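Reader: Hey, could you walk me through this model? I'd like to go piece by piece.

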Amino acid sequence: MCGIVGYIGPKNSVPILLEGLQRLEYRGYDSAGIALIADHKLVVHKKAGKVAELVRMVNGNGHGLTAHLGIGHTRWATHGEPNDLNAHPHWDCHKEIAIIHNGIIENYVTLRTKLVLDGHIIRTKTDTEILVHLIEEMYKRANDLFTAVRLALLEVEGAYGILVVSTKEPDRIIAARKGSPLLIGIGERENLVASDAAAVVDHTRQVVYLEDGEVACITANSYVTKTIHDKEIIKEVEEITFDLQQIEKGGFEHFMLKEIHEQPESIRNSLRGRLLMPEGVVKLGGLEPVLDKLYSAERIIIMACGTSWHAGLAGKFMLEQLARIPVEVDYASEFRYRNPVIKPNDVAIVISQSGETADTQAALREAKSKGAVVIGVVNVVGSTIARGTDAGVYIHAGPEIGVASTKAFTSQIAVLSLITLLLARHRGLAEEQCRLLAADLMSLPDKVEKVLGESDHIKYLAGEFKHVQNFLYLGRGSNFPTALEGALKLKEISYIHAEGYPAAEMKHGPIALIDENMPVVFIVPKDAIYEKVLSNMQEVRARRGKIIAVANEDDHEIDQLADHVIRVPRTYSYFGPIVNSIPLQLLAYYMAVARGCNVDQPRNLAKSVTVE
Ligand code: F6R
């Protein structure tokens, strides 16, 4: 959602903040702003639109802004429309204290009423502005910014990652978190603070992650961390695990295209060192603490949102088929609101690329509170979900900047495949079968590479279909999740309405939509239900729907039925979504480009959804 960055040190903070905001823009991008303390004055610049608008405004004012302390914010609106006024930072009645905030203050209406009665002038409709007035009020009592922030937060219900600065204490930034990520980047005679390591990695690799309920006072040379209840805590310094070049476009036109093309490597990284060949023995060190529980599990509950939920569905298919264990896949956002039944031998798996999704965090807490062991399948190292689980497996896909998830999806399934093999072997799957499956898993990066070779053909198809209004995606078995994911990718970035269905369900309703204007993408590999899917294709053809088939290289029958065929190598059906989703990612990408859409920052979306 919103991105946060702060700097304090000997350098001019302005370019550092603006560059940091550009790196954070993928998290949310409807407005941006900075607050600087220079000569004991608060200087604020904020603007609706992309960070580029703010940069133009700051660079265009010609004053050569300089400040050694500053905070910056990119916003994804929750309360109040995205305009200049509602953009962060917000300030108090006397323009002495400024705040930036990620999250939602749930009791802001009550707080607002009280503050207005106390004489505060509130200028915006945002929940954030209420918080800065509350801090102003507390400052009157405490006369110390660190304490004032702490006291204010004791009155607040909701989620926040905040940075606060004041002209009265121009040598410090106060940071606090509850439900929204924040980390301190520790430099030499300078410190940074941000919602995401991407904003600090240019300056330092040493970071301290704040936990929920913690508050920090950061100066150029030191930082102090406390709980919100004033108990000092010593934090561990950790190392950022990725490089700057991983968060740059590296010659590609968009992050999304770069990330699609990174998949042979990202899948290799997910598997590396974890699958011992040729025996196909799986070693997942991160699961050691819960291995007994996992082996004796009677049911697995997978919880996730969006694309990660689709990966969960692919995981269900393989876990049930190969490990013979019942699996339920839940929308994390629904899980906690239906008083779920959790039994003593249940194991929960939460899947999250960002590791920060609020709904998934809540599902994780719910499962834990009901006694389940919770395993994380997460991309971002050190993220809240990764640290909140009992054990886990990082997917090691590397930073994913494009808002539409691509390489994280295939790596999530790769890791679920490893968990499946681990369990399947323990539960009696024949050694020979494990060896064959493992060999197929290891061949996936090359198969994905081969599918990427279809790019030009897919680009041509995008040109053919770019003007349509609707798309249907159909698949069965393990490729039902592939169909869902293909449809989600298309609607997210091209704004074409698309639906994914199990192919056989089409005749129970969606078939009414089929006419010569409806393109239908069939994911139809030569598996056990191939013939059945061909029948569904016949039904579409009979109604003059346009068929795009994702089919195997050696499938010649398909040419009689489909208008267009995208060829993919054969693979075991369990791992099919990894190979078969690649052409669908490319199709969505090229459609969006052909329609002139902003691929990396589609409207209304945010990379990590840290509000409920
Ligand atoms: C779609 C997409 C979203 C995310 C969802 C969960 O391209 O990216 O649907 O998958 O918001 O996010 P994570 O995986 O970070 O929990």
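Predicted model: local features only at pLDDT ≥ 70, side-chain atom pairs only at ≥ 80, totals over all residues.

Reader: Fine. How is the chain divided into domains?

Author: There is domain 1 (3-240), domain 2 (250-451) and domain 3 (453-599); the bounds come from an automatic or database domain assignment. The centres of domain 1 and domain 3, taken over C-alpha atoms, are 45 Å apart.

Reader: What's the strand order in the open sheet?

Author: Eight strands, antiparallel in their pairing, run E3-E2-E4-E1-E10-E9-E11-E15. Strands (E, at least two residues) and helices (H or I, at least four) are DSSP runs numbered from the N terminus, and two strands pair if DSSP finds at least two bridges between them. E3 (41-48) and E15 (238-239) are at the edges with a single partner strand each, so one side of each has no neighbour in the sheet.

Reader: Which helices pack on the sheet?

Author: One is H1 (residues 13-24), which touches E1, E2, E4 and E10, and its direction makes about 160° with that of E1. Another is H2 (residues 51-60), touching E2, E3 and E4, at about 135° to the direction of E3. The axes are lines fitted to C-alpha atoms, for helices over the stretch in contact, with angles from 0 to 180 degrees between N-to-C directions.

Reader: Back to E10. Which strands does E10 pair with?

Author: Strand E1 (residues 3-8) pairs with E10 over four bridges, antiparallel, and there Tyr7 has Leu192 as its bridge partner. E9 (residues 183-186) is also antiparallel to E10, again with four bridges, and Leu183 is partnered with Ala194. E9 and E10 make a hairpin with four residues between them, and Arg189 in the turn has a positive phi of about 55°.

Reader: Are the faces of E10 buried or exposed?

Author: Both are covered: Asn191 and Val193 are buried on one side, Leu192 and Ala194 on the other. Buried means under 20% relative accessible area, exposed over 50%, and partly exposed in between (1.4 Å probe, protein chains only).

Reader: New topic. How many residues are in the largest nonpolar core?

Author: That core has 92 residues, and Leu287, Leu294, Ile300, Phe471 and Tyr473 have the most contacts inside it. A nonpolar core here is a set of buried Ala, Val, Leu, Ile, Met, Phe, Trp, Tyr and Cys residues joined through side-chain atoms within 4.5 Å. Helix H13 (residues 407-426) contributes the most, twelve residues.

Reader: Where does this core lie?

Author: Domain 2 (250-451) and domain 3 (453-599) both give residues to this core, so it lies between them. There is also a second, separate core of 34 residues, with Ala32, Leu65, Tyr209 and Ile240 among them.

Reader: And His564, where does that lie, and what is His564 in contact with?

Author: His564 lies in strand E27 (residues 564-568) and is buried, at a relative accessible area of 18%. Leaving aside neighbours within four places in sequence, His564 is in contact (heavy atoms within 4.5 Å) with Leu461, Phe465, Ile547, Ile548 and Ala549.

Methods. Residues numbered from 1 in each chain as written. Heavy atoms only, no water.
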